[in-house]
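Please read the notes below with the model open beside you, and take the points in order.

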Amino acid sequence: MNLAIGLSLILFFALGVPIAVSILLASIVGIEFFSRFPLLMVPQQMFVGIDNFPLMAIPFFILAGNLMAAGGISQRLVDLAKSVVGGLQGGLAMTCVLTCMLFAAVSGSSVATTFAIGSILIPAMARHGYPRPLAASIQASSAELGVLIPPSIPLILYGVSTDTSIGRLFIAGIGPGLLIGGALLLFLYLFCKLRGYGLRDREERHDFGTAFKRAWAALLMPVVVIGGIYGGVFTPTEASAVAVVYALIVGGLIYRELSFAQLWPILRQSVIATATVMLIISAAALFSFLISRSGLPSQVAAWVTQVFESPVSFLLAVNVMLLVIGMFVETSAAILVLAPIFTPIAVQYGIDPVHFGLIIVVNLALGMFTPPLGVNLFAACAVAKLSIDQLIPWLLRFVLVVLACLMAITYLPWISLGLVDLLY
């Protein structure tokens, strides 16, 4: 059955069938022709997959991110970041990275970050003399911070699929997020110095005091959400609902840029995004059920422990595999299918499941801005009105920077676990 499901999945991918539908159809093929399970198992297991209270956080964080983007948050965060690094050569490019780090602590979604920040900064960088493909590449690679710095939807999915503490995962994501953000900032500073980009970046820059006064309400959101979780006031799931209420207050009452007329399009956009994610989750739940009942996870575990004798070689192999898979498979689907298989094996090697979760998410985040199926790449190209092939020569530099950070995160566990150990 495993072979039939695998071949069916590859065939549907090759035919261009959407990810969720491919997983669902491959599972149905396995049930109908290569098992004794009734087809009634399909809706049953799909429902079981989404009948999980922590998953309620996903639609709320998606809605909160969309409300913040429409409520004037994006421009204020851009102005604040520009006031901090805009005085340096290459400051506008660095502003893109810093703003993505700030917006990541608001939205939890890399695609939302790409559209919200890219629509402001890609045209601005182009006006200041940056090649448009470079500007789009900076945005696409910086937006991956949206899935690392909490709140993070992929970290929620990993926690649900492996029964790992979402609170610990959120804290563990701060270190890798800061590392990658800092590495991108340093690289862009040196790159712009060498290439002569960003000589006019000081223009249109607000002073820090003014920018902070305009952005303080937006900056309080991660404090309220994360502080509430670790202060024991509410759970991560409840925090997502608090984030929605806070976003409505900030955008509608404080900044007064969110009107009732905008709510319907925002709700519609959020429902569509939520339905997409939930369909992937439910299809992956059915797929995972069939794979686990076939005994494949134990077979893979036995093979892996025979081939890879040490945690170092195991992690290297996992990194290579996830990098390849991340280029072709949507992040949510990859986490839901692969995390339950590989996390128990990692635990056998003595690897902390929280640390391993960050390795998986950082790996798959790379796939978000690499061809052929990088969602951030498509979003940045849509904003910049460019084709993907125009970005590829510029993207390689950013891929190498994030790869170097990935190796550090993989083999230096304290980057992920330092804050977790301190708080717990």
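The points that follow concern a predicted model, and each can be checked against the structure shown.

1. Start with the largest pocket, which holds about 1100 Å³ of space. Its lining is made up of 44 residues, and those that lie nearest the centre of the pocket are V111, T276, V277, E330 and V375.

2. Several helices take part in this lining: the elements that give two or more residues to it are α2, α4 (57-70), α7 (110-127), α9 (153-162), α13 (260-293), α15 (311-328) and α16 (331-348). Of these, α13 gives the most, with eight residues in the lining of the largest pocket.

3. When the lining of the largest pocket is sorted by class, 29 residues are nonpolar and 14 are polar, while one is charged.

4. Finally, look at C405 in helix α19, which covers residues 388-411. C405 counts as buried because its relative accessibility is 5%, and buried means under 20%. Which residues is C405 in contact with, leaving aside its neighbours within four places in sequence? They are L179, I180 and A183. C405 and L179 are 226 residues apart in sequence, yet their C-alpha atoms are 7.0 Å apart in space.

Terms used: Residues are numbered from 1 along each chain as its sequence is written. This is a predicted model: local features need pLDDT of at least 70, side-chain atom pairs count only at pLDDT 80 or more; totals for chains, interfaces and linings use all residues. Side-chain values use heavy atoms; hydrogens and water are left out. On a 1 Å grid over the protein atoms alone, a cavity is a set of points where a 1.4 Å probe fits but cannot get out, and a pocket is an open set with protein on both sides within 12 Å along at least five of seven lines; lining residues have an atom within 4 Å of a point. Grid points are joined across faces, edges and corners, and a volume is the space filled by probe spheres set on the points. Helices (H or I, at least four residues) and strands (E, at least two) are DSSP runs, numbered from the N terminus. Ala, Val, Leu, Ile, Met, Phe, Trp, Tyr, Cys and Pro count as nonpolar, Asp, Glu, Lys and Arg as charged, and the others, Gly among them, as polar. Buried means under 20% relative accessible area, exposed over 50%, partly exposed in between (1.4 Å probe, protein chains only). Contact means heavy atoms within 4.5 Å.
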